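Please read them with the structure open.

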Amino acid sequence: MPELPEVETVRIALSKIISSSKVKSVEVLRKDLRWEIPEDLSEKLKDDILETPLRRGKYILIPTYKGNILLIHLGMSGQIKIQNTIPDLLKHDHVRIIIEKGNNKYYSITYNDPRRFGYIDLFKKKEINQHFLLKNLGVEPLDQFLTVEYLQQIFKNKIINIKNALLDQKIIAGIGNIYASEILYKAKIRPDKIVNKLKSKDLSLLITATKDILEKSIKKGGTTIKNHKQPNGKLGYFVQDLLVYGKKNTRCSNCNNIIEFKVMNNRSTYFCNKCQK
Ligand SMILES: [Zn+2]
């Protein structure tokens, strides 16, 4: 499932092409994604100008000149393809937007999603804080609001483990299963540690590890395990930098111990029993 770095990779690629472009046409080939795509998406988006895309958690938000926001959620297996031609549609291409950039340069932006857990929505900018996918999101891990004090405040009365806390989008937005294991390994914190037992030093290490890993992954185009591809078709090369995720029965790069694998709340979890306390 695309997490923050994969979504950010897509956002960066989109921003290079679509900023200040004009929407020439929108084809919705299949509207039954995770939720139904609004009936009037094509009509409302046509002839509008797309502004520079933003990201909130795992959602791409593209403001438009007419005061709307186009939201793209990649779900489990969604991909965005940016092409400077208008190619034939492929299987699982559900939405295609043709844009015109500058003087007669056309691009197609295609949303492909085999499992259809993703979503595309269009809503008014002023409704952004009430949007059902956005209104309960926690802080952005890469901005200044992720602090030791913020986490202490949330964690003080909570009896949940830190792995689940990292996956909870209402606390921090954008972290998923792969990066949760990597972050905890780097911060040397056991995934089953109960959050109200974490000291401020642990929280500080956790925040540093979070920022460091997400930023490094964005630089490498994210992580390709199954579906993620950058919009130019390239893979996400952070997969080569993963230290624990998917490393069951291999050795810890720090202490040489065997990496442990455990299913926690139905999610694969990898950690070093010796390095993580
Ligand atoms: Zn170790």
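1. Where is the place of aspartate 47? Aspartate 47 sits in the loop between helix H2 (41-45) and strand S2 (49-50). Helices (H or I, at least four residues) and strands (E, at least two) are DSSP runs, numbered from the N terminus.

2. Before going further, note that this is a predicted model: local features need pLDDT of at least 70, side-chain atom pairs count only at pLDDT 80 or more, and totals for chains, interfaces and linings use all residues. Residues are numbered from 1 along each chain as its sequence is written.

3. Aspartate 47 counts as exposed because it has 12 C-beta neighbours inside 10 Å. The classes are as follows: a residue is buried if 20 or more other C-beta atoms lie within 10 Å of its own, exposed if 12 or fewer, and partly exposed in between, with C-beta atoms placed from the backbone.

4. Asparagine 266 also has a positive phi, of about 65 degrees, although it is not a glycine. Its loop runs between strand S10 (260-264) and strand S11 (267-271). With 5 other C-beta atoms within 10 Å, asparagine 266 is exposed.

5. Serine 268 belongs to strand S11. It is partly exposed, because 14 other C-beta atoms lie within 10 Å. Leaving out residues up to four places away in sequence, serine 268 touches Asn177, Phe261 and Val263; two residues are in contact if their C-beta atoms, placed from the backbone, lie within 7 Å. The C-alpha atoms of serine 268 and serine 181 are separated by 8.9 Å, and these residues are 87 residues apart along the chain.

6. Turning to the sheet, 4 strands form an open sheet in the order S3-S4-S5-S9, with antiparallel pairing. Strand S3 (54-56) and strand S9 (119-124) are the edge strands, each pairing on one side only. On average, neighbouring strands of this sheet are turned by 25 degrees against each other, direction ignored. Two strands pair if DSSP finds at least two bridges between them.

7. S3 and strand S4 (residues 59-63) run antiparallel and are joined by 3 bridges. Leucine 54 has leucine 61 in S4 as its bridge partner.

8. Helix H1 (residues 4-18) lies across S3 and S4, and runs at about 20 degrees to S4. Axes are lines fitted to C-alpha atoms, for helices over the stretch in contact, and angles run from 0 to 180 degrees between N-to-C directions.
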